[in-house]
Amino acid sequence: AHYLIVTMYFGLLGLPIAGTISVTTETLVVPHTFKSGVLIVAVGMLGVASQACLNKGLSLERAVVATLIRNIDVILAFLYQVVIFGDEVTIWSVLGTVCILTATVFVSWRRYKEQTNHPAR
């Protein structure tokens with residue numbers, strides 16, 4: 001299947017669901033300025049583009065490597081949190097990240113070893 005199919009179906013399914021929830025819970029907020037509207041559209045377009053790039057990358061790379069690379073977003077989130085937004089990183093955030101990254105590395109290492117010991121035929 002083409003890598004954009006998943007991205008487009010996610011958007012086509014998510015839009016009516018999010019719209020219905022926003023309207024029924026009366027939490028729909030319409031942007032008041034042109035700049036806000038442009039920023040919302042830009043975030044949406046960048047989200048679709050990043051998901052498409054992720055799907056294409058995952059289709060080209062082995063799952064072990066892709067899983068490790070995918071967890072770089074945790075590190076980037078910390079960098080954005082500190083550098084761009086000026087927020088402090090708590091010890092709980094650091095411990096949670098260490099747990100996630102450690103588990104990912106161990107699982108990926110095990111899968112890598114299994115793949116190298118038993119190559120696919």
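You'll find T97 in helix α5. Helices here are DSSP runs (H or I, at least four residues; strands are E runs of at least two), numbered from the N terminus. With a relative accessible area of 11%, T97 counts as buried. The cut-offs, using a 1.4 Å probe and protein chains only, are under 20% for buried, over 50% for exposed, and in between for partly exposed.

## Before you go on

This is a predicted model, in which local features need pLDDT of at least 70 and side-chain atom pairs count only at pLDDT 80 or more, while totals for chains, interfaces and linings use all residues. Residues are numbered from 1 along each chain as its sequence is written, and side-chain values use heavy atoms, with hydrogens and water left out.

## How α4 sits against α5

Two packed helices are described by the angle between their axes and the distance between the axes. Take helix α4 (residues 72-84) and helix α5 (residues 91-117): their axes are 10 Å apart, and the packing angle is about 165°. Axes are lines fitted to C-alpha atoms, for helices over the stretch in contact, and angles run from 0 to 180 degrees between N-to-C directions. So α4 and α5 are roughly antiparallel to each other. That label goes to angles over 145 degrees; under 35 is roughly parallel, 65 to 115 roughly perpendicular, and the rest oblique.

α4 also passes α5 in a left-handed crossing. Left-handed means the near helix is turned anticlockwise from the far one by less than a right angle, and right-handed means clockwise. Who meets whom? On the α4 side there are V74, I75 and F78, and on the α5 side S93, V94, T97 and L101. Sorted by class, this contact has 5 nonpolar residues, 2 polar ones and no charged ones. Nonpolar covers Ala, Val, Leu, Ile, Met, Phe, Trp, Tyr, Cys and Pro; charged covers Asp, Glu, Lys and Arg; the others, Gly among them, are polar.

## α1 meets α2

Now for the other pair. The axes of α1 and helix α2 (residues 34-60) cross at roughly 145° and come within 8 Å. Their crossing is right-handed. From α1, residues Y3, L4, V6, T7 and M8 meet V48, Q51, A52, N55 and K56 from α2.

In the loop between α1 and α2 sits E26. E26 has a positive phi of about 55°, although it is not a glycine. Its relative accessible area is 73%, so E26 is exposed.

## Two stretches across space

I17 belongs to helix α1 (residues 3-24) and is partly exposed, at 45% relative accessibility. I17 and L60 are 43 residues apart in sequence, and their C-alpha atoms are 31 Å apart in space.

V107 lies in helix α5 and is partly exposed too, with a relative accessible area of 35%. Between V107 and T24 there are 83 residues' separation along the chain and 42 Å from C-alpha to C-alpha.

## What about the cysteines?

How many disulfides does the structure hold? The count is 0, taking a disulfide as a pair of cysteine sulfur atoms within 2.5 Å. C53 is exposed, at 57% relative accessible area, and C99 is exposed at 53%.

Conventions
Contact means heavy atoms within 4.5 Å.
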